[in-house]
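Please read them with the coordinates open.

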Amino acid sequence: MEQIGLSHIAITTGILLILTGLWGILTQKNIIKMIIGFSLFDTGIHIVMVGVGYVEGKTAPILDEAVQLKEAARQIVDPLPQAMVLTAIVIGIGITALMLAYALRLYQKNKTLDIQKFNDLKW
Amino acid sequence: MLKKIFTAAVIVAFAIILLKGYGFSGPDQQLNEVAERYAEKGPEEVGAANLVTAVIVTYRGLDTLGEVTILFLTASIIGFFLKTRREDLTAPPQVRKTSEILSTASRIISPIIFLFGAYVFINGHLTPGGGFQGGAIVASGLVLMLLANPLKTVNHKIISVVESISGISFVLLGVLGLVLAAGFLDNAFIGPGRFGSLISAGAIPIIYIFIGLKVGSELSGIVSNLQETQKEEI
Amino acid sequence: MIIKIIAIIIGLAILLMALIAVYNKKLIVAIVAAGVVSLFASVMYLLLSAPDVAMTEAAIGSGLSTIIFFYVVNKIRKNRKDHA
Amino acid sequence: MVEPIYIVASGLGIAFLLGLFRKTGESLPGLIMLLTLAFMTFVSGQWLISLMFEGGTPQYTYTAGFKPPFSINLLMGQSEAVITTMVNGVGLLGGLYLLDRLKAQGVNSMIVFLLLFVGLNVVVMTRDLFNLFVFLEVSSVAIVGLVLLERSTQSLSAGFKYLLATALISGILLIGIILIYQYAGSLYIDDLVRANLTAVKGGMVAVFLILIAVALELKPFPANGWGLDLYQGAHPGLGALVSGGFATAMVFVLYKLLPMAGGGWQYMMATLGAVTFIGSNLLGIKQGHAKRLLGYSSVGQIGLLMIVVGLSQHLGEALTAIACGLLVSHFLAKSGLFWLAGIIQKDGLRDWAVLRKKPFLLVLFGTFIFALVGFPPFPSFFAKWELIMQLSAAEGFAWAGIVLFGSLLEGIYLFRWLGYSIKLDHQELPSFRLPWQKILPVGISGVALYILGYFATPIASGAGSLSYLPLAFIVLVFLLDFLPARVKNVLSLAGMAFYGYMIMPGLYENDGLRFLFSIIFVIGGILTLLPGFAYTGKRRGFYPAALLMFAGLGQLLTAETLLQFFFAWELMTVGSYILIIRGKRSMRHGYTYMLFSVGGAFLMLAGFGIAYATSGMTSLEALGQVTQWAGWASALIAIGFMTKTATLGLHIWLPGAHAEAESDVSPMVSAILLKAGVFGLLLLFISMGAESAGSKPLFYVLGWLGAITALIANLTAVFQEDAKRLLAYSSIGQLGYILFAFAIMTHVGWLAGFTYTINHFMYKAILFLVVGGIVMRLKTHNMYEMGGLIKRMPYSFIAVLIGIIALSGLPPLSGFAGKWLFYNAGIEKGWYLQGGVVFFSGIIAFLYLYRLIHSVFLGQLKDRHRTVKEISPWFLVPAYVLILGIMAFSANPEWFLKPFGQITAPYFPDSQLTWQSDGTAVGQLGYWNGTQVMAIVMALFVAITLWLIMLNRNAKKVKQFNIVYAAESPETPETTHISYNLYAGYNKALGVLTRPGITGLWNWISEAVTELADQVRRIYSGNGQTYVLHVLTYVVIVYLITTGGL
């Protein structure tokens, strides 16, 4: 148990979540389900990212009484991946919303949510 | 079935690639050069106690600008994608009546949520939270209002004015950084203030307010557009 | 130590919810499950000393995102009813 | 100078500002958007000028003033300036083009449009990996939004598929980024390049994920169904932006990131590019939908650029020039084509025939097609040349082969398309609207291609003093195309005469060989332009094309470097293609001609590459200095030239092309154009040398090829009913003789070759001129529908008579000189068997030549031709001028053969012909006095003629329908006309040799390729989920190949 860091647990979870998401994207015929798959896929990536930035046993990168300015570098986890994840989460919701808007219009056009039915363009 | 097996094989292979990529070496013990520098110099250079905020708003401010842009884009796309037809709006809506409790509660709670959101983005440089979180909270307040009173159409005009003004202000603040301080999006053109207090970290609180307003209005715009959408206007 | 065990439990919960989200036939259940995944993920972020991310994930990932899903699914349902 | 950050700041700020205008109408926001794009273009253009021409220094922009890796920085260097200028330029033009659409969709769509370009600019300039990701997302999302400019189910589903795929790709990119950060602790690209990440195990995966994600954004075959669907389903205005803007930026990103990986990975990227280039162009062959075809072509071109970027370490300093040349051509041409697609609003390739309604659009269309395939004077020509040269110099012959093969595949469908638009018979050609804001972008793209081509010339090694003067003249003629044909004819003749005046004296002084060919090309050109006066109306497009061909021919002679030669060769090809396809039923023939020409030119290019690589020289002398792979170089170049000389196997384009061409074009292409191939072969033969190792077997093979070509072609000519087709086959046969004669590689052999070359020029021009004139009068090519024309067209009769006597090689006319030398040379060389074949085919020639007299001029005059007039004097005059030439040659062969001897002597000093004082030529095997033979035969001729006239007095005149004497039915000549299927008997015996076996082979190849394309393209099932699976599978497979296992 000592060998396994918290970040390993998080990253394993993240990778498995990525795979679950991919499985959903690639096997579910329902467009909404596919979009859910994408949202899981994204969340998985985000967990991996935060996991990579984690340093065992250190605190959040917020300096206050608990964290001395001078000691900061030895007490906090890496703030950069966190910043990236923040950005990525917001981008993710944008994409999800766009996909959903598409799903809605596609449904209104074809009265179906089955991805296989939208194959009028091919070859 | 064959396709599923193939899919599974591909995903397993991808999993192996990912695992190889991560490598699972021993737990990290210390920060890399970049993070160390943020930790050591950040408070002094940027003045924000929350280093994540320092990175987001200042060191990597361009990312944030891009991210706000994506939300703006999405809101705009959904805006013209799901444009509502006038007659659909005037047609008698067939919506269930909401419960009295919900509508009363929303009347009381929504303003509190808005206030909380504002608090989160104003204090972004000191405590966890900031423009995105605050903005999202503001948008949830709006959702609550919509839930309570589905007939109420949100005033798009206000949303879009807030959205635009805050966006332009963000860019202008960035340019001010370029003109008055060291570079685009530099927050140092306003005095650093006392470290750890509300009025500190240069322009970060101001920028974060605009980010918060912008994210909030954009998310609200997306939500309300999805809520109001009718048959496609052709 | 305790934290690691909690993390493992949360991780398992995330994966369980994710499987539900992928496999449950009912869209509503799937959407809620996905929202719960986000919620657990935000707890995970807290454990990983990332309160900022945790807040964002909670507000956006499990809050707004779920609501947007709901709106759309609702629309589609209503559409289906209108049509039928 | 405006700081580059203002490109971003202005774009973003204005986009946010536009949000305020949502309710105020669309005109003002539209204007603001265009002005912003113009400002962005201005800023990047300003940097371009400063960095490229004024020695400015690259500009870094750091966020908040912190140095990387702690902050994000943007770089505005030379390449960034080029790419952002291109991207912003396409934004400005595309914005103008789409303005009405954007207005209809509201201010929101303008915001999306503007943000697309903000995103792309940052993607190009940023030096930070995560920042790249963010703004890549901005661009992708904006594209998905712009798909909605068109609201069909198709575009909706295309947009959704695109969204799914790009979401997966950006996820992969994000995973790569975080892994990179884990291993390198930095996101600054320069740091990452230094960090040598591929040495670390996990780092390698990280780099792999980043690069594969970037590669996937380039829509590599076969994981690109989503991209193709987007091209097909979306508004063509968006297609132009994706192909011209997004893809351009992404190629640059690949270029920026690839140094993170080591050498082996670069080959991997080049391989992916090669698969894409070949695969995509292969599938294009079967595609009938215009926008999707453009998609295939775009993807293919991007594949080519991936090859270039991947092989950058071999291209050295030329890399930038090559990449820019290819990129800018593709960018302008493809945007232009997409915009055209939007203007004419037709999806089927065949429907593009409507372009004919607006000739200037057709010209632009042609410009784009030629620029894509890489013809001069476009930048892609110079870039492709240099690419092949550099690849060869690095001994990357396989890569060069891939590039050329893929380009050929691309040519197959692009030229078919061009052919449709020029010539396809179409039921109805509906007119279409031409708003100025749609035409302007297309026009600018087209014009820019020419201008940039001019400036791109120095890219290519050996460009030297490439003369653009003739081209400028052609542009002038083109601009005056609205004038009547007669005026343009005078202008063209003056131009030709001046050109001849410019080049011929110099050649006369220095180079007999080139002077000889300049007679054929320039004098021949003037003579064959004369019949143009017989045409009325405007003959749009004829003169620029003809002049282009002659300019190409002339420049072949003045070329000093390999590049100049190839440049001229391609100009000639373009000109002759347009000339040929002008014929009434020439669509297919013009197409075949173009394919063989392109294929031949590419083989030549490959050969030149080897020559350049092993000799290190750019001048034409390089051909003689090939130290390694000499056999390969010679064979490739020879095959290239033989596509023009229509040697057996490569001849199938000729009969149709020559027969269906207009009456005055046939002599141009048959008597003159074919000689370009001969000239090329001579240059090659001279530099190869008869005795050098490796040459002998080649010459032996060529000799046999010539002989068999002569036999088969002559035999086929015998069975033709179509007079022009007969002459066309005859040309193939004659060119077979010429090949045979030169391949003998002795003094006498070459004399024979020259004699044939000049004589074939003369008599074939005479015959085609006269037959062409007759066809113009009678409106038919079929000989059995002619007959008895001697009475109506006596001057034509005499001309044809002299022509066929000369051609058949009977004394006293000049053809005999050729034959005599020919047999001398063959026997001297010991090529008895081949010589026998040639001799036999000479006899066969009598059969078909006889028909020209018998079926056309003798026999009964058809009822409907009773009042037909003599052919136009404009056809007769040049024919008679050439008859004078033949007469001169025949009367005093010494005048011609002695100079030929002088030309030949430097190369073959042995066993020359000796001349006695009375004009008798003495060879190894005998002697011959042309003048005496001429005199004797003339005397005989006069005597016999007089005797015949005497006899004629006793002849009994009968009416035409006196059934005793006229055994034919004038109503259905096919069935009873004696001259129909005249040689049926021979056909039974020898017809088997004329079965179009070669044509069958080529048909089989083309069907096989088409079928293959049809099968392969079925991977694009149209299912968005499958496309996502393709993307993921692509990642896994490429990983397996790169690392050799999991």
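The points below go from confidence to chains, then to contacts and local detail.

1. Confidence. This is a predicted model. The predictor gives the complex an ipTM of 0.95 and a pTM of 0.94. Chain D has an average pLDDT of 90. In chain D, 97% of the residues score at least 70.

2. Overall form of chain D. Chain D has 40 helices and five strands. Its radius of gyration is 32 Å, close to the 31 Å that the globule rule gives for 1046 residues, so chain D is as compact as a globular protein of that length. Along the principal axes, the C-alpha atoms of chain D fill a box of roughly 110 × 60 × 50 Å.

3. Burial and contacts in chain D. Of its 1046 residues, 63% count as buried. Take the contacts in chain D between residues at least 6 apart in sequence: 80% of these join residues at least 24 apart.

4. Overall form of chain A. Chain A has four helices and zero strands. The pattern along the sequence is α-α-α-α. The radius of gyration of chain A is 20 Å, well over the 14 Å that the globule rule gives for 123 residues, so chain A is more spread out than a compact globule. The C-alpha trace of chain A spans about 65 × 30 × 25 Å along its principal axes.

5. Burial and contacts in chain A. Here 72% of the 123 residues count as buried. Among contacts in chain A with a separation of 6 or more, residues 24 or more positions apart account for 57%.

6. Which chains touch? Five pairs of chains touch, and the most contacts are between chains B and D. Chains C and D do not touch. The nearest C-alpha atoms of chains C and D are 15 Å apart.

7. The B–D contact. Chain D supplies 54 residues and chain B supplies 52 residues. On the side of chain D that touches chain B, the elements giving two or more residues include α1 (5-18), β1 (59-62), α6 (153-184) and α40 (1024-1043) of chain D. Helix α5(D) gives the most, with nine residues. By class, this side of chain D has 34 nonpolar, 16 polar and four charged residues.

8. The A–B contact. This one takes 45 residues from chain B and 37 residues from chain A. Five helices of chain B each give two or more residues to the side that touches chain A: α1 (2-22), α2 (33-45), α3 (51-59), α4 (61-81) and α9 (204-228). The largest share, nine residues, comes from α4(B). The residues on this side of chain B divide into 28 nonpolar, eight polar and nine charged.

9. Helix α34 of chain D. This helix covers residues 873-891, with 19 residues in all. From first C-alpha to last, α34(D) reaches 26 Å, close to the 27 Å expected at 1.5 Å a residue. Its buried residues include D:Phe875, D:Leu876, D:Leu882, D:Ile883, D:Ile886 and D:Phe889. D:Pro878, D:Ala879, D:Gly885 and D:Ser890 are also among the buried residues. What do the buried residues of α34(D) pack against? They pack against α21 (512-529), α30 (747-778), α31 (794-808), α35 (894-904) and α36 (930-952) of chain D.

10. A sheet in chain D. Three strands form an open sheet in the order β3-β4-β5, with antiparallel pairing. The edge strands are β3 (914-915) and β5 (927-929) of chain D, and each pairs on one side only. Strand β4 (residues 920-922) pairs with β5(D) over three bridges, in the antiparallel sense. D:Ala921 has D:Trp928 in β5(D) as its bridge partner.

11. D:Ser380. Is this residue buried or exposed? D:Ser380 is buried, with 31 other C-beta atoms within 10 Å. It lies in helix α16 (residues 379-393) of chain D. Leaving out residues up to four places away in sequence, D:Ser380 touches D:Gly325, D:Leu326, D:Ser329, D:Ala371 and D:Gly374. D:Gly842 is 462 residues from D:Ser380 in sequence, and the two are 45 Å apart in space, C-alpha to C-alpha.

Key:
Residues are numbered from 1 along each chain as its sequence is written. Chains are lettered from A and ligands numbered from 1 in the order in which they are written. This is a predicted model: local features need pLDDT of at least 70, side-chain atom pairs count only at pLDDT 80 or more; totals for chains, interfaces and linings use all residues. Two residues are in contact if their C-beta atoms, placed from the backbone, lie within 7 Å. Ala, Val, Leu, Ile, Met, Phe, Trp, Tyr, Cys and Pro count as nonpolar, Asp, Glu, Lys and Arg as charged, and the others, Gly among them, as polar. The expected span of a helix is 1.5 Å times one less than its number of residues. A residue is buried if 20 or more other C-beta atoms lie within 10 Å of its own, exposed if 12 or fewer, and partly exposed in between; C-beta atoms are placed from the backbone. Two strands pair if DSSP finds at least two bridges between them. The radius of gyration is taken over C-alpha atoms; the globule rule is 2.2 Å times the number of residues to the power 0.38. pLDDT is the predictor's confidence in each residue, from 0 to 100.
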